Amino acid sequence: MHDDGNGGAEHAATPEPARGVDQPGFLALERELTVLLRRARASQGEMARAVHPDLEPSAYGLLVRLDECGGQRATELAAYIGVGKATMSRQLRALEELGLVAREPDPADGRAWLVAVTREGRERVSRVREARRARYAGRLADWDPAEVTELARLLNQLNRGTDK
């Protein structure tokens with residue numbers, strides 16, 4: 001039995017560890033990903049503040065997604081980010097109040113709305129992303145360009161694998 005996180009107990013068999021998880025490579029992977037994710041969370045806060053001092057760090061990812069993919073329905077954004085409708089509505093309302101996104105009618109369905117980055121939002125996000133890429137270039141200046149490309153390929157492979 002284990003606690004279900006809501007104060008109750010839930011009956012479940014403890015899953016067997018996956019084969020090979022104690023291998024040094026997986027231990028090192030866990031350690032390095034933990035460091036990377038901790039730094040990424042801190043960096044996301046910095047980037048959000050650079051876009052706008054009142055921007056929540058979690059909303060920065062929404063802006064990047066909208067900047068890359070164009071207008072989307074709030075339900076699509078919520079599914080992509082992995083949050084509920086109420087959380088998404090609150091974040092989008094805050095982004096609208098900051099002038100970073102706007103809602104527009106969905107041409108495919110007049111009853112629905114698309115959320116899109118405003119010109120101001122796009123300019124702010126672009127400046128922050130360019131500065132971030134410049135930091136990466138500076139930190140990885142002693143890397144061979146092929147190594148940078150290989151790291152990007154491996155991270156993409158990891159991200160695709162975690163989408164399954």
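How many nonpolar, polar and charged residues does the lining of the largest cavity have? The lining has five nonpolar, one polar and two charged residues, where Ala, Val, Leu, Ile, Met, Phe, Trp, Tyr, Cys and Pro count as nonpolar, Asp, Glu, Lys and Arg as charged, and the others, Gly among them, as polar.

This is a predicted model, in which local features need pLDDT of at least 70, side-chain atom pairs count only at pLDDT 80 or more, and totals for chains, interfaces and linings use all residues. Residues are numbered from 1 along each chain as its sequence is written, and side-chain values use heavy atoms, with hydrogens and water left out.

A cavity is a set of points, on a 1 Å grid over the protein atoms alone, where a 1.4 Å probe fits but cannot get out; a pocket is an open set with protein on both sides within 12 Å along at least five of seven lines; lining residues have an atom within 4 Å of a point. Points are joined across faces, edges and corners, and a volume is the space filled by probe spheres set on them.

There is one cavity of 30 Å³ or more. The largest cavity holds about 40 Å³, and among the residues lining it are Asp-54, Glu-56, Gln-91 and Leu-98.

The largest pocket has a volume of about 2,200 Å³. Of its 41 lining residues, Leu-36, Leu-37, Ala-40, Tyr-136 and Leu-155 are the closest to its centre. α1 gives the most to the pocket lining, with 14 residues.

Technical notes
Helix = DSSP H or I, 4+ residues; strand = E, 2+ residues; numbered from the N terminus.
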